[in-house]
Structure formats: C-alpha cells, structure tokens
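This report walks through a structure of two chains, element by element. Please keep the sequence and the model open while reading.

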Amino acid sequence: MKSPRSRPARIVAALLMGGLLWLATPAVWAAPITGTLGATGSDTMASLVLRWGEALAARHPGITMQLQAGGSSIAAAALVAGTTRLAPMSRPLSRAERERFEHRYGYPPRELRVARDALVVVVHRHNPLRAITRQTLDALFSSTLACGGEAPIRRWDDLPPPLDWPFGHVALHGRNQASGTFDLFRQRALCGGRFRADISEYPGSSAVIAAVGSAPNAMGYSGYHHLTPMVRALALINAEGEAIDPTPETIQSGEYPLARNLYLYVNAAPGTPLPPAERAFIELILSDEGQQIVRAAGFVPLADEALEVSQN
Amino acid sequence: MADASLAYRYPLAPFYDVVMTPPSPAPSSLRTLKDRIATGLITAAGIGVLLAILAIGVFLVWETLPLLTHFDTLSLEKLSPLAWGTLKAAIAALVLAVPVALGAAIFSALFMTDRLRARIKPSLELMEAVPGVVIGFVAGLVLAPWVERHLASTLALLLWLPLSAGLAGILWHLAPKALRRALSLESAGLWLLPWIAATAALVLWAAPILEQQWLGSDLATFLDRRFGIDYTTRNTLIVGLAMGFAIIPSVYSLAEDALYDIPKPLMEGAQALGASRWQALWKVALPMAGPGIFSAVMIGAGRAVGETMIVLMASSNAALMSASPFEGLRSFSAAIAIELPEAPPDSQTYHLLILAALVLFLFTFLVNTLAEVVRQRLRRRYQRLGGA
C-alpha cells in the first residue's frame with residue numbers, strides 16, 4: 001500500500017502548501033521589518049521586556065531584542081547619554097532627569113504607560129493579620145513617624161488592635177536603598193520619612209519574599225508580581241476605613257494605595273516617524289497580545305482608557 | 001636516571017608532581033636571547049600589574065574628590081555603620097577562625113607524622129577553593145534558619161567542642177598504657193573525630209530538652225521576652241561562622257608554614273636539653289614563628305574585610321551600630337555590591353560608595369603589605385639560623 005517513492009513527493013507537496021500559506025499571511029506581503037532593538041532598563045521589568053521581545057521576534061523574525069537590566073536610575077542615565085533609545089522604567093523620570101534630557105536634545109522624551117504594578121506588604125502565610133493602616137505601617141517601618149503615628153511599633157502584641165501572634169518583635173525585611181521599590185515605599189507608605197536602620201535589606205524582591213516566607217515573625221514589602229503562596233499580602237486600610245486587597249482590579253483602577261505605573265521612555269523627536277522596529281515593538285506592547293503578556297508576567301494590564309492614551 | 005629525577009622531586013610527591021630540570025650544558029646564543037625576551041616580558045608584566053594597581057587607586061581618589069566640596073555629617077552618618085559592620089564581621093570571623101586554624105597549624109606542623117601531614121595539609125588547603133558565593137548561599141539559606149530554630153544547641157556546640165577536646169586529653173592521660181599505645185598522639189586527629197561526633201550528638205540531643213526544662217521556651221524567644229534582645233535570622237554569628245570557615249584555610253596554611261620551617265636544630269636542641277614537646281612549643285616554636293603567625297592572622301583579617309558574597313548573603317545588610325552578635329550588619333563590600341549598580345553616576349550615593357571602596361582598597365593593601373613584609377623578615381631570620 002505504502003510505496004516508498006511517494007514519501008518525498010508528499011513532503012514536497014506539504015512544503016509547497018506550507019509555503020503558499022506562509023505567502024498568504026499579511027506580514028510577508030509588507031516589507032519585512034529587521035533590526036536590533038536595544039533597551040536599557042529597570043530590573044523589575046526585565047522579565048516582562050524579555051517576554052515582549054520574544055513575542056516580537058515571533059511576529060517579525062528579523063528583529064532581535066537586547067536588554068540590559070540595571071535599574072531605573074541606570075536606564076534614565078543611559079537615555080540622557082544617548083546609549084539607548086528605549087528605556088523601560090518602573091518609575092517616572094524625575095524632574096532633573098527630564099530637564100537634562102531636554103537640555104541635550106531640545107525635546108522631551110516620549111512617555112508611554114505600558115503596565116500597572118503595585119507594592120505589597122507581606123507577612124508569613126500563617127500570620128492572622130489581615131489588613132493594616134498607613135499609620136501602623138509607618139510606625140513599623142520608619143524612624144520619623146511622618147504619617148502621624150504616635151509611637152514606633154516593635155512587637156506583634158503592640159499592633160493596634162493587639163494581634164495574637166506569639167513571636168516577639170516584628171522582623172522587618174525590604175529592598176536595597178538604590179532600588180525604585182525602596183524609594184516608592186518611602187514616598188507612599190512612610191510619607192517621605194526615613195526607614196528604621198534595622199530593616200534587613202535584600203538586592204531582589206524574590207529574596208524578600210523568601211525571607212518573609214521562612215520566618216513567622218517577619219513582615220516585608222516587595223513587588224506584586226513576586227508573590228508566592230509562602231506569604232500573604234496584607235490589605236491596606238485607606239482614609240475611609242476600607243480594607244483594600246491588592247487584586248488586579250484595585251491595582252488597575254488605582255484604588256489600592258501602593259499601585260504604580262510602569263513606563264517605557266522613547267527618545268524620539270516630535271514629528272519624525274519612529275524606526276519600524278521600535279514602532280512594531282510599541283504596537284505589540286499596546287496590543288491585546290502585549291497586555292496578555294503583562295498578565296502572564298505577573299503584572300496588571302493597563303485599564304482601557306490608559307491604553308487609549310498610550311496608543312495615541 | 002630515574003633515581004636522579006626522583007631525588008629532585010618535592011617531598012609531597014602524591015600532590016605536587018614537580019620535577020626540577022637538571023642544569024643544561026653550555027648555553028647557546030639562542031638560549032640567551034630567549035632568556036632576555038622572557039625576562040623582558042616578565043618585567044613588563046610586573047610593571048603593568050603595579051601600574052594597574054596604581055591606576056585603581058588614582059581612579060578611586062579622583063572619583064571621591066567631589067565629596068570634599070560637600071562632605072557633611074550626613075555622609076559620616078551613612079559611612080560609620082558600614083565601617084562598624086565591616087569591622088564587626090571581620091572580628092567575628094577571626095574569633096571563630098583563629099583558634100581553630102592556629103590549633104590545627106600547631107598540631108600538623110609539630111606533632112603530626114610527616115606521612116599524615118602530607119595528606120592533611122593539602123586537603124585543608126583545598127577548602128580555600130570553595131567559592132565565597134557557595135559558602136554565603138549555604139550560610140544564608142540553610143545555616144541561618146537552622147541556627148534560629150536551634151540557637152541553644154548552636155551556642156552549646158560552640159562552647160562544648162573545645163571543652164570536649166580538652167576532656168579527651170585528660171581521659172587519655174588517665175587511660176591504661178595499652179590503650180594509650182593503640183591511640184597514639186600523632187594520629188590524635190583521627191581518633192578524636194568519632195569522639196567529637198559522639199559528644200556533639202549528645203549536645204544536640206540534650207540541649208533542646210534542657211532548654212525546655214530551664215527556660216520553658218526556645219532560647220531566642222526567652223532572650224526576647226526576658227531581656228528584649230532582638231534576634232535577626234541572618235546575624236553576626238552566622239557571618240562569623242561562614243566567613244570563619246572561609247578564612248581558616250589561608251590562616252592555617254601560612255601559620256603552618258611558619259611553624260614547620262622553624263630550623264630543626266632549634267627544636268631538637270631544646271628537647272635535648274630536657275624540654276618536653278609542650279615546653280619546646282611554648283618557649284621556642286611560638287616565639288620564633290610569632291611574626292609568621294601574626295602575618296597569617298593579618299592575611300585572614302584582610303580577606304575577612306574584603307570578602308563580599310559571604311557577608312552579602314549571610315547578613316541582613318541592615319546598617320546598624322549595635323554590638324549584639326544576634327543582630328545583623330552591613331559591610332562596605334556588601335554595600336558596594338548591592339547599591340553601586342543602581343546608584344546614578346555623579347550622585348552623592350555614588351561618591352560615598354566610591355569612598356567606601358577607597359577605604360577598603362587602602363585597608364587591604366596596607367594589611368597585605370604589612371603581612372608580606374613581616375613574612376620576608378621571618379624568612380631571613382630562619383636562614384640566618386641555618387634552616388630551610
């Protein structure tokens with residue numbers, strides 16, 4: 001039945017069919033986009049940017065993506081110095097960085113919101129604590145009490161209301177001082193005050209989560225997308241007294257107090273079209289597929305209105 | 001021929017298969033040319049290394065200059081906990097490592113048989129090949145949580161291990177002659193192992209029980225409730241244990257060399273005049289090799305101050321000024337490793353970190369130079385006394 005001669009013929013036929021199908025796709029009819037995309041950016045966003053890069057390479061095989069993840073401050077410096085045209089950052093450019101950029105190029109950098117993220121306050125998974133106010137958080141983490149707390153809190157039984165958690169003092173864990181996470185937590189949760197000196201510092205968010213997950217007396221802060229079942233994220237009690245859990249919905253709407261935007265800065269003069277590879281990258285990020293990748297990487301997609309603003 | 005080449009072999013044949021080349025006959029002109037080229041290259045490389053070190057120093061000084069214009073109390077406030085953390089980590093490591101390393105060096109240089117020594121010394125020196133990041137990883141992720149749960153057992157072990165060795169010595173003296181001959185002092189390192197393992201197991205079994213009986217809870221909780229002493233998971237004790245482990249080989253190796261190279265006639269003379277081995281050790285060997293032991297400890301201190309990954313991973317990196325061994329610390333090198341990649345260039349933080357690097361560079365440079373000078377002088381002293 002099966003004649004060996006027919007096999008090569010079948011393969012050729014299959015290849016021909018495949019080739020025809022390939023020719024039928026619109027991507028091939030347009031001129032192929034090629035080039036290397038270089039980006040220097042935040043290490044919080046590294047995994048996200050790499051996933052976008054993979055999806056981009058699947059759409060346009062001619063594009064290769066190179067990412068140097070050094071932190072948001074490095075990204076801003078590289079954008080100003082002109083060593084990169086794309087800077088994914090986990091915080092907006094500071095006024096000084098923006099001025100330096102404008103002074104050098106004569107136009108402002110183009111700012112795109114690309115995703116939502118949040119900081120979460122975590123405790124050990126068996127800890128009965130469910131929600132916390134900003135005053136309490138400040139009294140735990142700061143030495144300045146800038147949010148109006150009365151006295152520093154050092155022990156689990158000193159929490160208002162007292163918590164039945166017999167593990168003595170609260171062991172605090174957080175990020176290193178140069179990270180954007182450290183700075184954002186200082187601005188939003190400590191009302192711009194200063195951290196206590198005895199907080200254990202870790203160079204990465206996963207390390208904070210791992211440390212909190214292995215010690216019942218621990219509390220720490222970290223990025224939302226690093227959450228694991230080892231720890232539980234606390235709800236934050238806002239000024240109206242509502243406890244707000246960090247869920248994709250509250251982070252997207254900004255109801256959760258420690259939510260933030262993630263940005264992509266592009267060095268592009270107004271009025272001139274973007275190079276095709278960069279254009280394709282931004283189109284991908286703001287497409288449904290790109291926002292699905294945001295969700296898959298553990299971040300929160302932009303709300304529809306914000307997406308429209310970025311698309312324009 | 002085979003015999004002749006064997007005679008040139010280094011005594012530690014199984015580990016170092018070094019064969020010295022016999023002197024060649026009349027040197028040809030090609031050979032002198034080759035020699036000259038080699039000498040030139042080596043000199044150039046040496047000068048290059050010196051220039052590189054100088055360039056690092058100049059770069060660090062240059063980058064800290066902007067600080068001079070606005071050096072304020074805030075900078076000092078930021079730097080002093082780091083300096084203290086560095087010092088505290090180094091002291092903890094030395095306290096744990098120096099007794100072990102010196103004891104091992106004295107035993108293997110003066111009491112062990114040469115055959116055993118030829119096996120033990122290279123294996124101890126192999127410990128130095130364990131990368132710091134591996135030690136730090138194990139200390140931070142395995143040792144630190146274990147010690148937190150078994151604090152009493154750990155402290156009891158630290159106290160008990162030296163005591164149990166002393167106890168073994170007393171028991172040995174009381175033992176009958178036949179037993180003493182079977183367990184010779186030269187191979188004490190071998191028969192002590194099961195003894196130490198057994199007593200350590202006893203402590204590990206007894207400590208939690210006694211802890212519950214006497215304190216009613218584990219020691220960390222007790223310290224917190226009774227005295228308000230904080231216990232941080234990754235603390236100075238953990239750093240000391242991990243970094244002590246890392247510097248034992250270099251301290252041991254250098255101290256052992258200093259002790260082993262003592263001219264033999266000196267020790268033999270002392271014993272011929274009626275000194276016991278113990279007396280010869282205290283009155284002759286230790287004073288003679290003192291500078292060498294000092295330089296070994298200095299090298300260990302230099303390594304402990306400069307060590308990065310162990311401190312980074314085994315400590316909490318909290319910039320504290322506390323003296324408690326149960327609280328964390330933050331060292332210069334760890335601060336540089338964590339913060340420098342994210343510090344924007346030309347910011348205050350950046351210049352402060354560079355200043356920290358400069359301090360570190362100067363300190364290790366001075367300590368190493370001092371140790372090397374002392375060692376050279378000791379070698380000359382040995383040569384004058386007719387040693388190796």
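Strand 4 (residues 110–124) of chain A pairs with strand 12 of chain A in the antiparallel sense, over 8 bridges. This is a predicted model: local features need pLDDT of at least 70, side-chain atom pairs count only at pLDDT 80 or more, and totals for chains, interfaces and linings use all residues. Residues are numbered from 1 along each chain as its sequence is written, while chains are lettered from A and ligands numbered from 1 in the order in which they are written.

Some terms come up throughout. Helices (H or I, at least four residues) and strands (E, at least two) are DSSP runs, numbered from the N terminus. Two strands pair if DSSP finds at least two bridges between them. A residue is buried if 20 or more other C-beta atoms lie within 10 Å of its own, exposed if 12 or fewer, and partly exposed in between; C-beta atoms are placed from the backbone.

## Chain A: strands

Back to strand 12 of chain A. Ala118(A) stands opposite Ala259(A) in this strand. Strand 12 (residues 259–266) of chain A also pairs with strand 3 (residues 86–89) of chain A, antiparallel, over 4 bridges. There, Met89(A) has Tyr263(A) as its bridge partner. Strand 12 of chain A is mostly covered, with 6 of its 8 residues buried.

An open sheet of 3 strands in chain A has the order 5-10-11, with mixed pairing. Strand 5 (131–133) and strand 11 (243–244) of chain A stand at the edges; each has a single partner strand, so one side of each is left without a neighbour in the sheet. Strand 5 and strand 10 (residues 235–237) of chain A run parallel and are joined by 3 bridges. Ala131(A) has Ala235(A) of strand 10 as its bridge partner.

Is helix 6 of chain A enclosed or open? Of the 8 residues of helix 6 (residues 134–141), 6 are buried, so this helix is largely enclosed by the rest of the structure. The buried residues are Arg134(A), Leu137(A), Asp138(A), Ala139(A), Leu140(A) and Phe141(A). They pack against strand 4, strand 5, strand 6 (171–175) and strand 8 (218–223) of chain A.

The loop between helix 6 and strand 6 of chain A holds Pro161(A). The peptide bond from Pro160(A) to Pro161(A) is cis, with omega near -10 degrees. Leu145(A) is found in the loop between helix 6 and strand 6 of chain A. Cys191(A) is found in the loop between helix 7 (180–188) and strand 7 (200–202) of chain A. For each of these two residues, the table gives phi, a positive value in a residue other than glycine, and the C-beta count.

Helix 3 (residues 73–111) of chain B has 39 residues. At 1.5 Å a residue (1.5 Å times one less than the number of residues), helix 3 of chain B should span 57 Å; its end C-alpha atoms are 55 Å apart, which agrees. Helix 3 of chain B bends by about 35 degrees at Ala97(B), and a proline, Pro99(B), follows within four residues. The bend is the angle between axes fitted to the seven residues ending at a residue and the seven starting there.

The largest nonpolar core has 162 residues. Such a core is a set of buried Ala, Val, Leu, Ile, Met, Phe, Trp, Tyr and Cys residues joined through C-beta atoms within 7 Å. Ala242(B), Val251(B), Ala255(B) and Ile310(B) have the most contacts inside this core. Helix 10 (residues 236–260) of chain B gives the most to this core, with 16 residues.

Which residues does Val251(B) touch? Leaving out residues up to four places away in sequence, they are Ala97(B), Val98(B), Ala101(B), Ala296(B), Val297(B), Ile299(B) and Gly300(B). Contact requires C-beta atoms, placed from the backbone, to lie within 7 Å.

Ile56(B) has its place in helix 2 (residues 29–69) of chain B. With 14 C-beta neighbours inside 10 Å, Ile56(B) counts as partly exposed. Ile56(B) and Phe227(B) are 171 residues apart along the chain, and 47 Å separates their C-alpha atoms.

## Where the chains meet

Contacts link 23 residues of chain B with 20 residues of chain A. Helix 9 (219–227) and helix 14 (332–339) of chain B each supply at least two residues of the side of chain B that touches chain A. The largest share of that side, 3 residues, comes from helix 9 of chain B. By class, the side of chain B that touches chain A has 9 nonpolar, 7 polar and 7 charged residues. Here Ala, Val, Leu, Ile, Met, Phe, Trp, Tyr, Cys and Pro count as nonpolar, Asp, Glu, Lys and Arg as charged, and the others, Gly among them, as polar.

Notes:
Two residues are in contact if their C-beta atoms, placed from the backbone, lie within 7 Å.
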